[in-house]
Amino acid sequence: MSDIVLATLNAKYIHASLGLRCLRANMGELRERTRLCEFTIAQKPVDIVERLLALQPRIVGFGVYIWNVVETTQVVRLLKALRPQLVVVLGGPEVSHETDGQEICRLADHVVTGWGDVSFPELCRALLHGPRPLMKVIAGRQPPLQDLALPYDEYTDEDLAHRLLYVEASRGCPFKCEFCLSSLDKTAWAFELDRFLAAMARLHERGARNFKFVDRTFNLKIEASARILEFFLARLDERLFVHFEVVPDHLPERLKQLIARFPAGTLQFEVGIQSFDAEVQARISRRQDNARTAENLQWLVQRSQAHVHADLIFGLPGETLESFAAGFDRLAALAPHEIQVGVLKRLRGTPIVRHTEAHGMVYDPVPPYAILQTGTADFATVQRVSRFARYWDLVANAGRLPRTLALLLGEARHFERFLAFSDHLWASTGKTHQIGFEPLVDALHDYLCGPLRLPADGVRQAVEQDYRASGARGKPRCLAGASTLHGPASRHREAGKPLAERQGRHLAAQQTVQAAPAHQETLDS
């Protein structure tokens, strides 16, 4: 039995909620009466409710996000039907704005908007001891960061052994990109660095090796960034893996020197490009030096061993298919390990809504509120790019088919060539999900030999080499008659690194793609 239960539905088990742990760490005298209870969106709401009610709580607080609001609404609806007296409190970015129009907010007893670190414990004290608050919606109070207890002791040994650990050296963001909730922040606030690093040292001593920083701008303050990198360099081993989000046009020499010291498979950077179109950038209040961004990306790819994951967004106001294609090709030429193509989503509270009328922005009213059409990209075009994004993730980002992908993309106009394959795959399968690896291999082989008319022998050789290296255990139709196709296990898995599987494949494929141009010449001759 727990008086207070803090719950959320994560996208996957491997994700451990940092938000819940921040709340519990700051519950004060109520901490021991507060229990964390995490689920995933794949679980049945009725099963989640059964587990929650078995704890006999008086208060249940839910972390609500764009990816779990539909499922969490079902859970709250069941809880209030079965136990009307149970107090349900909501918090999180999805319910911090536009609360009046949300069913989940109507069902709940209270909603804490914005920061909940001190406001949620205060609310719980009032609910348990009185006087009960009169307001349903409570604006969260933002305290100085030095007044907050750090959440990292809330990670259990099981979390450290099996889950991705989210950490934050700072909160907020000084930039004003209108598609992002962080644009509402006035600045970025940093936790006291010595205190933060001491907490990281305790996690590391307990066995933590997988750290994902959620800071929106890790490399904003170079002195702090350098000290954090030095902290992890001093603790390098074969299991360490650290992820950062970085500002792409701000990479001074001091950081480069530190980044270059990390071995392969240890460091990952998520680089938000979003758009290379200067007019679109200005329209959404995004400040980005495109030339410096390209220069820094090229350095990261060619001069460091970091895994580089770059993001683009389709559907920004005024962006056309042609301008997006030009940006994609510019990014692809820089050869980041992954290009994540996203479709614009209208996060509640973001300033992007100011463009709705002028730019004909139509969004899906159901989470995740993806753009359906704009004044410069009709519904059919948005659908095509959405499928492109899905197929690109399967073929390119997965890292299992580097030789075959090089044949598909050719020497130029990568977006156009892959979009043509995407259209073909959709027309022939009518599927974007539940496409097995072997059918995908067959589809690529048939497209290269058919519509692209590449020499069959060269295509088969590339496909067979990729399939062998992938370690897959099936047998594609296009490779019928080939000798055993089962390649050796990845050297990264043999070494026992907790590196995500497809990141390891990208590392192993780097030498492969360097040889692709010569192979392309053979096919073209």
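Begin by selecting Phe 232, which counts as buried because its relative accessibility is 1% (buried means under 20% relative accessible area, exposed over 50%, partly exposed in between, with a 1.4 Å probe and protein chains only). The model is predicted, with local features requiring pLDDT of at least 70 and side-chain atom pairs pLDDT 80 or more, while totals for chains, interfaces and linings use all residues. Residues are numbered from 1 along each chain as its sequence is written, and side-chain values use heavy atoms, without hydrogens or water.

Phe 232 lies in helix H8; helices (H or I, at least four residues) and strands (E, at least two) are DSSP runs numbered from the N terminus. Next, display the residues touched by Phe 232, leaving aside those up to four places away in sequence: Phe 211, Phe 213, Leu 240, Val 242 and Phe 262. Contact here means heavy atoms within 4.5 Å.

Then select His 204, whose C-alpha atom is 9.6 Å from that of Phe 232, although 28 residues separate the two along the chain. His 204 is among the buried residues of H7, as are Leu 193 and Phe 196. The buried residues of H7 pack against helix H6 (157-162), strand S7 (165-167), strand S10 (210-213) and H8.

Finally, show H7 and H8 together. From H7, Leu 193, Asp 194, Phe 196, Leu 197, Met 200 and Ala 201 meet Ala 224, Arg 227, Ile 228 and Phe 231 of H8. The residues of this contact comprise 8 nonpolar, no polar and 2 charged (nonpolar: Ala, Val, Leu, Ile, Met, Phe, Trp, Tyr, Cys and Pro; charged: Asp, Glu, Lys and Arg; polar: the others, Gly among them).
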